[in-house]
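This report describes a single protein chain from its overall features to its individual side-chain contacts. Please consult the sequence and the structure shown below while reading.

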Amino acid sequence: MLRFLAAIFLFVVCAHARPPSEVLGKAEAQKRGVVWRGNSSEPSSHELLLAPTSLPEAFNWCNVNGTSYCTMSRNQHIPQ
């Protein structure tokens, strides 16, 4: 009976045990030479974007200078 309880205990412990994480913590990554620069660049890439000079009042892919770039709408979820 004792062996049976010990086996169940080991099974429960092993079933809930997690494998070691493959993601390095910040300290370990720095030991391996990673240089932290944050999540942004200087200057921000958003600041380098140019403001649009002019936008059309309306745009439709079905009529671009007389050419249609649209395709027929098809219901692809119902088998034929």
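## Confidence and basis of the model

The protein chain has a mean pLDDT of 81, and 89% of its residues reach 70 or more; pLDDT is the predictor's confidence in each residue, on a scale from 0 to 100. The model is predicted: local features need pLDDT of at least 70, side-chain atom pairs count only at pLDDT 80 or more, and totals for chains, interfaces and linings use all residues. Residues are numbered from 1 along each chain as its sequence is written, and side-chain values use heavy atoms, with hydrogens and water left out.

Helix 1 has the lowest mean pLDDT, 76, whereas helix 2 (residues 26–31) has the highest, 90.

## Overall fold and surface

The protein chain contains three helices and zero strands, and its pattern along the sequence reads α-α-α. Helices (H or I, at least four residues) and strands (E, at least two) are DSSP runs, numbered from the N terminus.

Of the 80 residues of the protein chain, 1% count as buried. Buried stands for under 20% relative accessible area, exposed for over 50%, and partly exposed for values in between (1.4 Å probe, protein chains only). The accessible surface of the protein chain comes to about 8,800 Å², and 59% of this surface belongs to carbon and sulfur atoms. Accessible areas come from the Shrake-Rupley method with a 1.4 Å probe; for residues, only the protein chains shown count as cover.

Met1, Phe4, Leu5, Ile8, Phe11 and Val12 form a nonpolar patch on the surface, and their accessible area together is about 670 Å². Patches are made of residues with over 30% relative accessible area and no salt bridge; like charges are joined within 9 Å, and nonpolar side chains (Val, Leu, Ile, Met, Phe, Trp, Tyr) within 5 Å.

Isoleucine 8, one of the patch residues, is located in helix 1 (residues 2–16). With a relative accessible area of 38%, isoleucine 8 is partly exposed.

Side chains of opposite charge can pair when their charged atoms come close. A salt bridge is counted when a side-chain nitrogen of Lys or Arg lies within 4 Å of a carboxyl oxygen of Asp or Glu, and the count by this rule is two.

In one of them, lysine 31 pairs with glutamate 28, the closest N and O atoms being 3.3 Å apart. Both residues, lysine 31 and glutamate 28, lie in helix 2, three residues apart, about one turn of the helix. Lysine 31 is exposed, at 67% relative accessibility, while glutamate 28 is partly exposed, at 28%. Arginine 32 also forms a salt bridge with glutamate 28, with the closest N and O atoms 3.0 Å apart. Arginine 32 counts as exposed, at 60% relative accessibility. Through shared partners, the salt bridges join Glu28, Lys31 and Arg32 into one network.

## Aromatic pairs

A pair of aromatic rings is described by the distance of the centres and the angle of the planes. Rings of Phe, Tyr and Trp (its six-membered ring) pair if their centres lie within 6.5 Å; planes under 30 degrees apart count as stacked, over 60 as edge-to-face and the rest as tilted.

A search of the whole structure finds two aromatic pairs. The ring centres of phenylalanine 59 and tryptophan 61 are 5.0 Å apart and the planes stand at 90 degrees, so this pair is edge-to-face. For tryptophan 61 and tyrosine 69, the centres are 6.1 Å apart and the planes again at 90 degrees, so this pair is edge-to-face. Phenylalanine 59 is exposed at 52% relative accessibility, tryptophan 61 is exposed at 52%, and tyrosine 69 is exposed at 53%.

A disulfide is a covalent bond between the sulfur atoms of two cysteines. Here it is assigned to a pair of cysteine sulfur atoms within 2.5 Å, and one is counted. This disulfide joins cysteine 62 to cysteine 70, with an S to S distance of 2.0 Å. The torsion about the S-S bond of cysteine 62 and cysteine 70 is about -105 degrees, so the disulfide is left-handed. Cysteine 62 is partly exposed at 40% relative accessibility, and cysteine 70 is partly exposed at 34%.

Asparagine 65 is located in the segment after helix 3 (45–48). Its phi is near 55 degrees, a positive value in a residue other than glycine. Asparagine 65 counts as exposed, at 81% relative accessibility.
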